[in-house]
Amino acid sequence: MVYPKATPKNRAKRLMTEAEAKEAELLWGAYEQRQRAVSTLSAFDLSERELENRMRLGARTDVEALKSILLAVANTSVDLHHRKMAHYQLAILEERDGQPYREHLAWAAKYQLLRFEQDGVQKVRILTAGELDSCPSCQSQSGRVLSVGDALCQMPIPCAGCTRTLVGEAPGFCRCMYVADLN
């Protein structure tokens with residue numbers, strides 16, 4: 001049997017054997033994984049070069065290299081927004097891989113609060129993902145207003161009883177967030 005397929009390096013479709021077609025699918029998977037990683041890094045003003053450097057240092061896959069880079073950003077960036085987003089991206093990656101991720105969600109929420117504090121925001125309001133995309137635990141927090149200091153002490157996000165998932169099967173991918181309460 002033959003299959004009309006292309007590869008990332010040669011976009012012209014050509015007839016391939018079953019084995020060649022399977023190899024082409026693997027190449028497309030790796031290509032798409034690289035593109036997602038590069039897209040994620042661009043939000044941090046980083047490029048594909050950083051991925052390649054991590055691969056030279058021993059990362060076996062683009063995802064492993066990406067996680068390593070994001071951990072470095074999360075732990076060392078002076079930009080609190082970058083730290084927040086690095087932890088959030090790590091949570092997404094870990095959830096997709098079936099790994100524990102809630103600690104990253106908690107750090108993302110904490111860095112959001114620290115950034116509000118840095119910007120002089122006094123109070124925050126909890127915003128949910130909406131009635132259709134929030135679990136009962138998250139909905140119970142909807143609209144709650146706290147001082148930034150109280151929110152840092154209590155850390156109500158991610159909601160402890162959250163039952164939502166993102167792409168995996170493990171519940172608890174809380175999508176609640178803090179917004180500045182200007183009232």
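Contact here means heavy atoms within 4.5 Å. The model on screen is predicted.

**Stop 1: Gln 112**

Select Gln 112, which sits in helix H5, residues 102-118. With neighbours within four places in sequence left aside, Gln 112 is in contact with Lys 84 and Tyr 178. Show the side chains of Gln 112 and Lys 84: they make a polar contact at 2.7 Å. Is Gln 112 buried or exposed? Its relative accessibility is 14%, so Gln 112 counts as buried.

**Stop 2: helices H3 and H4**

Next, select residues 62-76, helix H3, together with residues 80-96, helix H4. Two packed helices are described by the angle and the distance between their axes. For H3 and H4 the axes come within 8 Å and cross at roughly 145 degrees. The crossing of H3 and H4 is left-handed. To see the contact, display side chains on both helices: on H3 the residues include Leu 66, Leu 70, Leu 71 and Val 73, and on H4 they include Ala 86, His 87, Leu 90 and Leu 93. The residues of this contact divide into eight nonpolar, five polar and three charged.

**Stop 3**

Now select Cys 138, Cys 162 and Cys 176. How many disulfides are there? The count comes to zero. Cys 162 is in no disulfide, and its nearest cysteine sulfur, that of Cys 138, is 3.7 Å away. For Cys 176, the closest cysteine sulfur is also in Cys 138, at 3.5 Å. A disulfide needs the two sulfur atoms within 2.5 Å, so the sulfur of Cys 176 is too far from that of Cys 138 for a bond. Cys 162 is buried, with a relative accessible area of 7%, and Cys 176 is buried at 8%.

**Stop 4: backbone in the loops**

Most residues other than glycine have a negative phi, and most peptide bonds are trans.

- Asp 45 lies in the loop between helix H1 (18-42) and helix H2 (48-56). Asp 45 is exposed, with a relative accessible area of 68%.
- Met 155 is in the loop between H7 and S5. At 24% relative accessibility, Met 155 counts as partly exposed.
- Pro 158 is in the loop between helix H7 (148-154) and strand S5 (177-180).

Conventions. Residues are numbered from 1 along each chain as its sequence is written. This is a predicted model: local features need pLDDT of at least 70, side-chain atom pairs count only at pLDDT 80 or more; totals for chains, interfaces and linings use all residues. Side-chain values use heavy atoms; hydrogens and water are left out. Buried means under 20% relative accessible area, exposed over 50%, partly exposed in between (1.4 Å probe, protein chains only). Helices (H or I, at least four residues) and strands (E, at least two) are DSSP runs, numbered from the N terminus. A polar contact is a pair of N or O atoms within 3.5 Å; within protein, one must be able to donate a hydrogen and the other to accept it, and residues adjacent in sequence count only if both atoms are side-chain atoms. Axes are lines fitted to C-alpha atoms, for helices over the stretch in contact, and angles run from 0 to 180 degrees between N-to-C directions. A crossing is left-handed if the near helix is turned anticlockwise from the far one by less than a right angle, and right-handed if clockwise. Ala, Val, Leu, Ile, Met, Phe, Trp, Tyr, Cys and Pro count as nonpolar, Asp, Glu, Lys and Arg as charged, and the others, Gly among them, as polar.
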